Amino acid sequence: MTNHIFGRSTKGSLPVATAGDGCYLIDATGKRYLDGSGGAAVSCLGHSNAAVRAALHDQLDRVAFAHTGFFTSDPAEQLADTLVAHAPEGIERVYLVSGGSEAVEASLKLARQYFLEIGQPQRHRVIARRQSYHGNTLGALATGGNEWRRAQFAPMLVETTHISPCYEYRDRAEDESVEAYGLRVADELEAEIQRLGPDSVMAFVAEPVVGATAGAVPAVPGYLKRIREICDRHGVLLILDEVMCGMGRTGHLFACQEDGVAPDMITIAKGLGAGYQPIGALLVQGRIYDAIAKGSGFFQHGHTYMGHAMAAAAANAVLGEILNRDLLTRVREQGAKLDAKLRSSLGQHPHVGDIRGRGLFRGVELVADRTTKEPFDPARKLNARIKAEAFANGLICYPMGGTIDGQRGDHVLLAPPFIIEDSQIDDLVSILTHAIDTALAA
Ligand code: PMP
């Protein structure tokens with residue numbers, strides 16, 4: 001055990017983080033690490049942001065926590081209003097939780113209760129996609145399609161069926177247009193709904209830009225619109241998981257806004273608290289809330305820390321920074337520079353198969369052979385080597401051995417803070433290029 005569980009096992013095996021400074025984390029020896037992935041796409045404002053720190057101090061001086069069974073709070077109300085004001089059409093209600101998995105769990109249970117309230121109790125099936133990650137709690141894990149994460153727990157997971165992801169680099173045929181490809185994979189949802197029986201399907205869950213399992217893979221234009229049409233045709237709820245790609249990461253506050261699609265529910269977390277507090281949220285269409293409000297009047301769910309005043313205060317400050325400093329424009333500009341730099345440094349690399357993403361959410365896919373796109377043998381542990389080499393040289397990036405329809409593949413995910421400077425983009429790409437070459441040479 002090298003991480004996750006604290007105590008004697010961590011001592012000596014991991015550096016101790018003692019300070020943060022903008023795009024850098026600093027350990028107990030004074031070594032500085034450029035945070036090229038925001039941890040796991042969390043630290044969108046970088047570390048030690050003055051506005052968020054001030055907001056937290058201020059809230060702590062007022063009230064830290066008041067249970068939602070008795071009270072609401074100013075920060076929680078303000079956060080819900082701001083999110084709704086900037087959310088896609090029809091989103092009117094916000095359910096505040098403590099992280100991404102909790103938001104996904106809540107979406108599944110709310111969907112189920114919605115169909116009970118509107119007199120369709122037969123709807124309970126969930127369709128999701130292979131090559132997806134929706135969290136580690138049992139409901140969210142069942143929804144995700146990553147075989148490696150699911151395998152050990154398979155007997156405990158509720159049945160969920162998975163269709164193909166929208167993964168142009170791997171799946172689009174050479175003679176197929178991008179548009180035709182998007183429609184073909186979206187139409188798998190129609191076929192799956194028909195196979196399961198349209199009246200039994202409750203929801204389709206997907207990440208607009210796939211994060212942890214594939215390394216910033218955006219859906220091709222037109223794909224999500226077709227998915228929306230199919231869901232509408234069959235009365236199936238569309239739940240978009242923006243835990244990683246939401247909150248400005250792609251250059252829009254919600255990634256699905258770029259696709260011109262309004263889902264029935266959206267889950268967010270990570271960038272919402274930007275690492276300053278643990279917080280997630282489920283955003284829902286007004287008609288879903290209304291059905292429950294006018295029906296039983298009670299959502300049969302809840303967690304002790306939901307709507308936490310400190311967490312909401314942090315999220316308000318984070319959103320204030322993103323919106324008032326126009327960081328969305330900055331994400332698009334710096335994202336284009338990061339993309340250009342990655343292409344100039346790695347675009348011709350014999351083992352880089354694909355460079356992709358949106359905004360400051362970028363992925364590099366490594367392959368043994370660029371022509372056949374064959375992944376590297378997982379026994380080489382390439383992703384772990386890249387991570388270690390980059391870290392040794394002061395860069396935090398997020399390499400993964402994802403699953404490509406049963407095969408393992410290596411990707412590096414990049415999600416730096418929105419405040420990243422040009423010179424830091426240069427440093428990031430040069431340390432990453434060196435780490436990839438060193439890992440390949442080992
Ligand atoms: N959904 C997505 C798309 C994610 O990327 C993650 C976390 N990587 C989760 C859900 C789960 O979030 P958390 O780790 O906060 O529970």
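Colleague: At what angle do α13 and helix α15 pack?
Modeller: The axes of α13 and α15 (residues 422-441) lie 10 Å apart in a predicted model, where local features need pLDDT of at least 70, side-chain atom pairs count only at pLDDT 80 or more, and totals for chains, interfaces and linings use all residues. Residues are numbered from 1 along each chain as its sequence is written. Axes are lines fitted to C-alpha atoms, for helices over the stretch in contact, and angles run from 0 to 180 degrees between N-to-C directions. For α13 and α15, the angle is about 35 degrees.

Colleague: Is the crossing of α13 and α15 left-handed or right-handed?
Modeller: Helices (H or I, at least four residues) and strands (E, at least two) are DSSP runs, numbered from the N terminus. A crossing counts as left-handed if the near helix is turned anticlockwise from the far one by less than a right angle, and as right-handed if clockwise. The way α13 passes α15 is right-handed.

Colleague: How many residues of the contact of α13 with α15 are nonpolar?
Modeller: Contact requires C-beta atoms, placed from the backbone, to lie within 7 Å. On the α13 side the residues include Leu-338, Leu-342 and Leu-346, and Ile-425 and Val-429 are among those of α15. Ala, Val, Leu, Ile, Met, Phe, Trp, Tyr, Cys and Pro count as nonpolar, Asp, Glu, Lys and Arg as charged, and the others, Gly among them, as polar. Beside three polar and four charged residues, the number of nonpolar ones is five.

Colleague: How far apart are the centres of domain 1 and domain 2?
Modeller: The domain bounds come from an automatic or database domain assignment. It gives domain 1 as 17-48 + 326-441 and domain 2 as 54-324. Taken over C-alpha atoms, the two centres are separated by 25 Å.

Colleague: How many residues of domain 2 are in contact with domain 1?
Modeller: The elements of domain 1 that give two or more residues to the side touching domain 2 include α1 (38-41), α13 (327-346) and β17 (407-414). That side has 16 nonpolar, eleven polar and eight charged residues. From domain 1, 35 residues take part, and the number from domain 2 is 32.

Colleague: Which strands are at the edges of the open sheet of four strands?
Modeller: The order is β1-β2-β3-β15, with mixed pairing. Two strands pair if DSSP finds at least two bridges between them. The edge strands, each pairing on one side only, are β1 (17-21) and β15 (395-396).

Colleague: Which residue in the turn between β1 and β2 has a positive phi?
Modeller: β1 and β2 (residues 24-27) pair in the antiparallel sense over four bridges, and Asp-21 has Tyr-24 as its bridge partner. Two residues lie between the strands of this hairpin. The one with a positive phi, about 60 degrees, is Gly-22.

Colleague: Which residue takes a positive phi in the hairpin of β2 and β3?
Modeller: Three bridges join β2 to β3 (residues 32-35), and the two strands run antiparallel. Ile-26 has Arg-32 as its bridge partner. Four residues lie between the strands, and the one with a positive phi, near 95 degrees, is Gly-30.

Colleague: Which strands of the seven-strand sheet have a single partner strand?
Modeller: This open sheet has the order β4-β12-β11-β10-β7-β5-β6 and mixed pairing. Its edge strands each have a single partner, so one side of each is left without a neighbour in the sheet; these are β4 (91-97) and β6 (160-163).

Colleague: Which strands does helix α3 lie across?
Modeller: Helix α3 comprises residues 74-86.

Colleague: Is Ala-216 buried or exposed?
Modeller: Ala-216 lies in the loop between β8 and β9, and its phi is near 55 degrees, a positive value in a residue other than glycine. A residue is buried if 20 or more other C-beta atoms, placed from the backbone, lie within 10 Å of its own, exposed if 12 or fewer, and partly exposed in between. Because 30 other C-beta atoms lie within 10 Å, Ala-216 is buried.

Colleague: How far apart in space are Thr-213 and Asp-410?
Modeller: Thr-213 lies in the loop between β8 (209-210) and β9 (217-218), and is buried, with 27 other C-beta atoms within 10 Å. Thr-213 and Asp-410 are 197 residues apart in sequence. In space, C-alpha to C-alpha, their separation is 9.8 Å.

Technical notes:
Two residues are in contact if their C-beta atoms, placed from the backbone, lie within 7 Å.
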